[in-house]
Amino acid sequence: MPIKNTGTENLIKETAKRLFFAEGKLHATTQEIADAAGVNRTSLHYYFRSRDLLLEAVFKEAMQGLSQRLNECMEAKKPFKEKIASLIEVFLKDMIAFPYQETFLVTEINTLGKALMNDIQAGPVNTFLAEVKHEMDKGSLEPMDPLHFLMNLFSLLSYPLIMAPLYQQLFQVSSGDFALLIKQRKEIILTMLFKKN
């Protein structure tokens, strides 16, 4: 069997990510992906054999990348509030660059099953949840199940970006004005999550 050209393989994956995550073309066909990558469909099928295998490869890379970036924030050796601020910055940067990534990930989990998430590490999240509980015990956070704290944090981050097209229409704001609102999210979220001293 010939050695695969990983440059072409990566080009196809990166093009698929751009179409799915940045442009929101979640139903892009293999022909559309091949055309956007500047390769023929035969090349795409050589590397991935089917659209489902390409989707699986893109999904796994996206989940691993996002998980790694979030884990680095959660495991950072810094004060808790700074850690949350860093996590917010990383998440928002990711979501602004790839506004449809979460929609894609949720769709694929529902379509292809939970087995796709086997590579997610529970250790950093569990350690982080213990830190959340410690902060609640200290009185800097409202007491609740630490899982609610984490779900609240991610909801405050992702929901406005997932709903951006609807919000822009509903609130009659331009893309630029909405981007400005998103830039303000970090301080707003920190104010909402942490008790005032």
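Which residues does Thr30 touch, not counting residues up to four places away in sequence? Select Thr30 together with Arg41, Leu44, His45 and Arg51, which are its contacts under that rule; contact means heavy atoms within 4.5 Å. The model on screen is predicted: local features need pLDDT of at least 70, side-chain atom pairs count only at pLDDT 80 or more, and totals for chains, interfaces and linings use all residues. Residues are numbered from 1 along each chain as its sequence is written, and side-chain values use heavy atoms, with hydrogens and water left out.

Stay on Thr30. This residue belongs to helix α2 (residues 30-37); helices are DSSP runs of H or I with at least four residues, numbered from the N terminus. Thr30 counts as buried because its relative accessibility is 11%. Buried means under 20% relative accessible area, exposed over 50%, and partly exposed in between, with a 1.4 Å probe and protein chains only.

Next, select helix α3 (residues 41-48), where Leu44, Tyr47 and Phe48 are buried. Viewed down the axis of α3, its buried residues fall within an arc of 80 degrees, so they line one face of the helix. The arc is taken from the directions from the helix axis to the C-beta atoms. Show α1 (6-22), α2 and α4 (51-75) as well: the buried residues of α3 pack against them.

Now look at the two ends of α3. At the N-terminal end, Asn40 is the cap, with a side-chain oxygen 3.2 Å from the backbone nitrogen of Thr42. After α3 comes Arg49, in the loop between α3 and α4. Arg49 is not a glycine, yet has a positive phi of about 60 degrees. Its relative accessible area is 63%, so Arg49 is exposed.

Move to Val90 in helix α5 (residues 80-97). Is Val90 buried, partly exposed or exposed? Val90 counts as partly exposed because its relative accessibility is 24%. Then select Leu190: its C-alpha atom is separated by 14 Å from that of Val90, 100 residues apart along the chain.

The last stop is helix α9 (residues 164-171), which holds Leu170. Leu170 is exposed, at 56% relative accessibility. Finish on Gln172, in the loop between α9 and α10 (175-183). Gln172 is a residue other than glycine with a positive phi, near 55 degrees. At 62% relative accessibility, Gln172 counts as exposed.

Conventions. A polar contact is a pair of N or O atoms within 3.5 Å; within protein, one must be able to donate a hydrogen and the other to accept it, and residues adjacent in sequence count only if both atoms are side-chain atoms.
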